[in-house]
Amino acid sequence: SSGINAEWPLRPGTPGAAGQEVPLSSTYHRINLANRDQYVNSALDYRLHEFDLQVQAVVEGLAKVIPVPLLSLFTGEELRTMVCGHPDIPLDMLKSVAVYKGVEFNSSLVQWFWEILETFSPSERSLFLRFVWGRTRLPRNIADFRGRDFVLQVLDKYQPPDHYMPESYTCFFLLKMPRYSSKEILTEKLRYAINFCKSIDTDDYARITRDEGLGGEGEDSDLELGSSQ
């Protein structure tokens, strides 16, 4: 019906963030052409201000760290980059803070490593960074690294090297690798490690050990697929 009193079988409410139905009016019980604008405005007002209390708590927390009026000097994008780092992983920046142990910077293994990272998608680069540093983004600029180098260390203790996985020590921004025999092997091992090693500080190892009542057995907490020490 197109009459002014036509009603829809909808109650004047809107779903909240937790999925609960939130009533918007106590004066009418159905939405019709006469009150639809009021309903829309009420729904928008509720959703826009649903988290005012939580937002105010965040602002009060920020105010204990930084003068809040200073935040108006930056755009939202600038502030996000300052807090979270680059959404992309610029390899040139990562290379500029890289140091090498047990291998020359111009060796085939190092060249393979950077060529592989070049082929990684943005999400894979983010996974790699999480694997080696426990974070998914790089700092905003070189100064924000605060002297922290990315260390790529190649060890000959892994024999035969192609049978072992890379290890990471996120506390030290350190990646340890066997001396792999080919770029293909390195690609396979590195991609497997960043996709299937998700624990940091051996969280899962410690949890499993505790749950199984094995605490205290074995002092070596290195995980083959990468662990933070």
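## Strands and their partners

Two strands pair if DSSP finds at least two bridges between them, and the elements themselves are DSSP runs numbered from the N terminus: helices are H or I with at least four residues, strands are E with at least two. With that in hand, welcome to this predicted model, where local features need pLDDT of at least 70, side-chain atom pairs count only at pLDDT 80 or more, and totals for chains, interfaces and linings use all residues. Residues are numbered from 1 along each chain as its sequence is written, and side-chain values use heavy atoms, with hydrogens and water left out.

Strand 7 (residues 167–169) pairs with strand 8 in the antiparallel sense, over three bridges. In that pairing, serine 168 is found opposite leucine 175 of strand 8.

## Parallel neighbours

Strand 8 also has a parallel partner: strand 6 (residues 150–155) pairs with strand 8 over five bridges. Valine 151 stands opposite leucine 174 in strand 8, and valine 154 stands opposite methionine 177 in strand 8.

Strand 6 is also joined to strand 5 (residues 98–101), with which it runs parallel, by four bridges. Here valine 99 stands opposite valine 151 of strand 6.

Is strand 8 (residues 174–178) made of buried or exposed residues? Five of its five residues are buried, so strand 8 is largely enclosed by the rest of the structure; buried means under 20% relative accessible area, exposed over 50%, and partly exposed in between, using a 1.4 Å probe and protein chains only. Leu174, Lys176 and Pro178 point one way from strand 8, while Leu175 and Met177 point the other way, and all are buried.

## A buried lysine

Lysine 176, in strand 8, deserves a look of its own. A salt bridge is a side-chain nitrogen of Lys or Arg within 4 Å of a carboxyl oxygen of Asp or Glu.

Leaving aside residues up to four places away in sequence, lysine 176 touches Gln153, Leu155, Tyr158, Pro166, Glu167 and Tyr169 (contact means heavy atoms within 4.5 Å).

## Helix 6 against helix 7

Two packed helices are described by the angle between their axes and the distance between the axes. For helix 6 (residues 122–133) and helix 7 (residues 183–196), the axes come within 9 Å and cross at roughly 75 degrees. That makes helix 6 roughly perpendicular to helix 7. The contact is made by Glu124, Leu127, Phe128 and Phe131 of helix 6 together with Leu190, Arg191, Ala193, Ile194 and Asn195 of helix 7.

Axes are lines fitted to C-alpha atoms, for helices over the stretch in contact, and angles run from 0 to 180 degrees between N-to-C directions. Angles under 35 degrees count as roughly parallel, over 145 as roughly antiparallel, 65 to 115 as roughly perpendicular and the rest as oblique.

## Salt bridges

How many salt bridges does the structure hold? There are seven salt bridges. In one of them, the side chains of glutamate 124 and arginine 191 meet at 2.8 Å, N to O. Glutamate 124 lies in helix 6 and arginine 191 in helix 7, so the pair ties together parts that are 67 residues apart in sequence. Glutamate 124 counts as buried at 15% relative accessibility, and arginine 191 as partly exposed at 29%. Elsewhere, salt bridges that share partners join Lys95, Glu118 and Arg125 into one network.

Lysine 183 forms a salt bridge with glutamate 115, and their closest N and O atoms are 2.9 Å apart. Lysine 183 belongs to helix 7 and glutamate 115 to helix 5 (residues 108–119), so this pair ties together parts that are 68 residues apart in sequence.
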